[in-house]
Amino acid sequence: MIAAEQKNEHGSRPRSTPSRADRGRSNTRAIIGSVREFPAIIKHEGVIPRRPTEVRRADAPLTWRVVEVLHTETDVVVAERSARRVYRLLVAGPMPYAPEKDGKFELLAVDYIDQPYWSIRPVPSEAEGRPGDVSDSAGHASG
């Protein structure tokens, strides 16, 4: 017997809410084209799989602590370039366009196959369309 498809009161299938990982994957392409990238060094710790713990810009004295790895992809094409690994990270430290302020924000880190260093770019906040503090549900900046 074939199971009946679930439908809502309008006769269409219910939409599912994407997981945090799915949201991170679908937003990667939009982030790549919208914000400038910078060379970086990423410190990893632990056994396989190694976890990023610190991100340091290679061209400026800025360092961030990795609070959480939000999403990871391997062997992907990003901005028409092959990449070994892509991380979407929640980091704490100097804010991207106001380094005199500390806070938390999302950062995209890409390990392109054709370069010997990582490339990083801040993820634009949904509210402002540019990198900013990660806020709680009441709109208060966390930090």
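# Report on a predicted protein model

The protein exposes about 9400 Å², of which carbon and sulfur atoms supply 49%; accessible areas come from the Shrake-Rupley method with a 1.4 Å probe, and for residues only the protein chains shown count as cover. This is a predicted model, in which local features need pLDDT of at least 70 and side-chain atom pairs count only at pLDDT 80 or more, while totals for chains, interfaces and linings use all residues. Residues are numbered from 1 along each chain as its sequence is written, and side-chain values use heavy atoms, with hydrogens and water left out.

## Overall organisation

The secondary structure comes to one helix and six strands. Helices (H or I, at least four residues) and strands (E, at least two) are DSSP runs, numbered from the N terminus. Read from the N terminus on, the order of elements is α-β-β-β-β-β-β.

Of the 143 residues of the protein, 37% count as buried. Buried means under 20% relative accessible area, exposed means over 50%, and partly exposed lies in between (1.4 Å probe, protein chains only). Contact means heavy atoms within 4.5 Å. Among contacts between residues at least 6 apart in sequence, 44% join residues at least 24 apart.

## The nonpolar cores

A nonpolar core is a set of buried Ala, Val, Leu, Ile, Met, Phe, Trp, Tyr and Cys residues joined through side-chain atoms within 4.5 Å. The largest such core has 17 residues, of which Val55, Trp64, Leu89, Val91, Ala109 and Ile120 touch the most other members. Two or more residues of this core come from each of β1 (38–45), β3 (63–78), β4 (81–95), β5 (98–112) and β6 (118–122). Apart from it lies another core, of eight residues, among them Val78, Val86, Val110 and Tyr112.

When its neighbours within four places in sequence are left aside, Leu89 is in contact with Pro52, Val55, Val66, Glu68, Val69, Leu70, Phe105, Glu106, Leu107 and Ala109.

## The cavity

On a 1 Å grid over the protein atoms alone, a cavity is a set of points where a 1.4 Å probe fits but cannot get out, and lining residues have an atom within 4 Å of a point. Grid points are joined across faces, edges and corners, and a volume is the space filled by probe spheres set on the points. By this rule there is one cavity of 30 Å³ or more. The largest cavity has a volume of about 80 Å³.

Its lining consists of Phe38, Arg57, Leu62, Trp64, Met95, Pro96, Phe105, Leu107, Ile120 and Pro122. Strands β5 and β6 each supply at least two residues of this lining. By class, the lining of the largest cavity has nine nonpolar, no polar and one charged residues. In this scheme Ala, Val, Leu, Ile, Met, Phe, Trp, Tyr, Cys and Pro count as nonpolar, Asp, Glu, Lys and Arg as charged, and the others, Gly among them, as polar.

## Individual residues

Phi of Asp75 is near 50 degrees, and Asp75 is found in strand β3. Asp75 is exposed, because its relative accessible area is 67%. Ala79 has a positive phi of about 55 degrees and belongs to the loop between β3 and β4. With a relative accessible area of 44%, Ala79 is partly exposed.

| Pair | Separation along the chain | C-alpha to C-alpha distance |
|---|---|---|
| Val123 and Ala109 | 14 residues | 10.0 Å |
| Ile41 and Tyr117 | 76 residues | 6.5 Å |
| Glu73 and Arg84 | eleven residues | 8.3 Å |
| Val76 and Val86 | ten residues | 7.9 Å |

Val123 lies in the segment after β6 and counts as buried, at 6% relative accessibility. Ile41 is found in strand β1 and is partly exposed, with a relative accessible area of 41%. Not counting residues up to four places away in sequence, Ile41 touches Glu54, Val55 and Arg56.

Strand β3 holds Glu73, which is buried, with a relative accessible area of 17%. Val76 also has its place in strand β3, and at 17% relative accessibility Val76 counts as buried. Leaving out residues up to four places away in sequence, Val76 touches Arg81, Ser82, Ala83 and Val86.

Note on methods. 1 Å grid on protein atoms, 1.4 Å probe; cavity = no way out; pocket = protein on both sides within 12 Å on 5 of 7 lines; lining within 4 Å.
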